[in-house]
Amino acid sequence: MSLSGASAGQYRLSLAQARLLQLAAQGLLQPLRRRPRRSDVVATIERMRLLQIDTIHVVARSPYLVLHARLGNYPMPWLDEALTQGQVAECWAHEACFVTATDIGLHRGGGDRRAHHWAHRNAERMHREQRADMDALLAAIRTSGPVRAADFARTDGGEGAAKPGWWAWKPEKRWLEAWFALGDLMVLRRERFQRVYDLAENVLAGLDPPFDPAIGALSPAALRRRFIVDSVRALGVTQANWIADYYRLKPAVSERELAPLLASGELLAVAVQGWDTPGYVHRDHTDLLDKALRGRLRATHTALLSPFDPLVWDRARVRAMFDFEYTIECYTPAARRRYGYFVLPILHRGRLVGRLDAKAHRGDGVFEIKALFLEAGVPPEPSLVHALAKAIADTARWHDTAEIKLNRTQPAGLAKALREVWRAGT
């Protein structure tokens, strides 16, 4: 059924069509058909609304990997340069994220808007308990200029270095992060991925396009509405109960809350096969919805996804959309891991068909695949093997680790098939 043949609320998608619509909205339906440009970095973040930051770097750090899945072989420094040039900024949203300069105003303003977020709560508690030290640090930055955590010597003996979380950091790092969460400090640039903190007013003054204070002055209700709408747009198609996770909204978003957005035409209601609740599509995706209904969306992309890719960061959503059970096991004790430390979902032509645990040995130029698993019921057909071999080789070359070391695979015969493709040249 096309849009021309249906009235509002009567659009009916198969689950496969819904997947394609979501992949199209996320920029993962087809590979980029030209060489990437610098402007693509900001455009891709704008499309997703949020680019989550994580510091694990057994392969490329997550934000670079998320962009690689969409842009292909782009230079990693482009993201750092976009931050330095004020085209993107850092803030707390889903978690710590890059957002476009245009959107940063949505994450500024009254602290009560983000008060439910764990980072903000921790920062407020720290300021109450260590107010004198934190205020002194902020005053010093106001006088002396931008700083890194590395500019402060560790004086506690490093006892917490092996522990995760803010409590493992030296005091100055915790205070800098707290001021960042509270909004008084922002990230001016990164040096070797280390944050350089400056007063928020200085960073905001350098944004491109310029900071618009009116955006930060939105009422809490208007801001929540904006986050809801932006989440639906970024997801392509979504159930109501998946919306809040995108920006960590509280309380959860209900169908009743979405009713005015349907009435205004900003959102469209769709029925998706197998769902017992409505799906929602942003009106900006009317053309994509029409193509999905007509069977004109075609998935041709194969990519390795970051564990923190927006496509997979909501476990309930990825299970319902792709029938893919996924857990980030880097936070799981080694003895309890099923697949590995930093496991990358494998996207192939509209499906999540497997996962691999990889490590880039940059000093040796080796991209090690510790384990690679295809999902049950996914046969290693030649088309999949060739596409997967190419995706792995492209990712390895992008890391400057062109030599691929492949260990365990499931099924076992997949290893031989992949090696044959690499020997023949991908």
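Trainee: Where is Pro251 found?

Mentor: Pro251 is in the loop between α11 (243–247) and α12 (255–263). Those names come from DSSP runs: helices are H or I with at least four residues, strands are E with at least two, and both are numbered from the N terminus. Before we go on, this is a predicted model, where local features need pLDDT of at least 70, side-chain atom pairs count only at pLDDT 80 or more, and totals for chains, interfaces and linings use all residues. Residues are numbered from 1 along each chain as its sequence is written, and side-chain values use heavy atoms, leaving out hydrogens and water.

Trainee: What kind of peptide bond joins Lys250 and Pro251?

Mentor: A cis one, with omega about -5°. The bond from Asp208 to Pro209 is cis too, with omega near 5°, and Pro209 lies in the loop between α8 (200–205) and α9 (213–216). Most residues other than glycine have a negative phi, and most peptide bonds are trans.

Trainee: Does a label go with each: why does Phe193 count as buried or exposed, and what about Asp323?

Mentor: Set each value against the cut-offs: buried is under 20% relative accessible area, exposed is over 50%, and partly exposed is in between (1.4 Å probe, protein chains only). Phe193 has 9% relative accessibility, so Phe193 counts as buried. Asp323 has 60%, so Asp323 counts as exposed.

Trainee: What sits over the ring of Phe193?

Mentor: The charged end of Arg190, 4.1 Å from the ring centre. The rule asks for NZ of Lys or CZ of Arg within 6 Å of the ring centre and within 35 degrees of the ring normal. Arg355 has its charged end over the ring of Tyr339, 4.3 Å from the centre.

Trainee: In what order do the three strands of the open sheet run?

Mentor: β5-β7-β6, with antiparallel pairing. Two strands pair if DSSP finds at least two bridges between them.

Trainee: Why do β5 and β6 stand at the edges?

Mentor: Because β5 (147–148) and β6 (185–191) each have a single partner strand, one side of each is left without a neighbour in the sheet. Between β6 and β7 (residues 194–199) there are six antiparallel bridges.

Trainee: What makes helix α6 pack on the sheet?

Mentor: Contact, which means heavy atoms within 4.5 Å. Helix α6 (residues 131–144) touches β5, β6 and β7.

Trainee: How many disulfides does the rule give?

Mentor: A disulfide is a pair of cysteine sulfur atoms within 2.5 Å, and by that rule the count is zero. Cys91 is in no disulfide, as the nearest cysteine sulfur, in Cys97, is 6.3 Å away. The sulfur of Cys330 is 16 Å from the closest cysteine sulfur, also in Cys97, and that is too far for a bond. With 6% relative accessibility, Cys91 counts as buried.

Trainee: How many residues of β3 are buried?

Mentor: Five of its five, so β3 is mostly covered by the cut-offs above. Val88, Glu90 and Trp92 are buried on one side, Ala89 and Cys91 on the other. A hairpin of three residues joins β3 to β4.

Trainee: Why is the pair of Trp92 and Trp118 given its name?

Mentor: Rings of Phe, Tyr and Trp (its six-membered ring) pair if their centres lie within 6.5 Å; planes under 30 degrees apart are stacked, over 60 edge-to-face, and the rest tilted. The structure holds nine aromatic pairs. In this one the centres are 5.1 Å apart and the planes are at 75°, so the pair is edge-to-face. Trp92 is in strand β3 (residues 88–92) and Trp118 in helix α5 (residues 118–129), 26 residues apart, so the pair links distant parts of the chain.

Trainee: Why is helix α3 called largely enclosed?

Mentor: Helix α3 (residues 62–71) has 10 of its 10 residues buried, so the rest of the structure largely encloses α3.

Definitions and conventions. Axes are lines fitted to C-alpha atoms, for helices over the stretch in contact, and angles run from 0 to 180 degrees between N-to-C directions.
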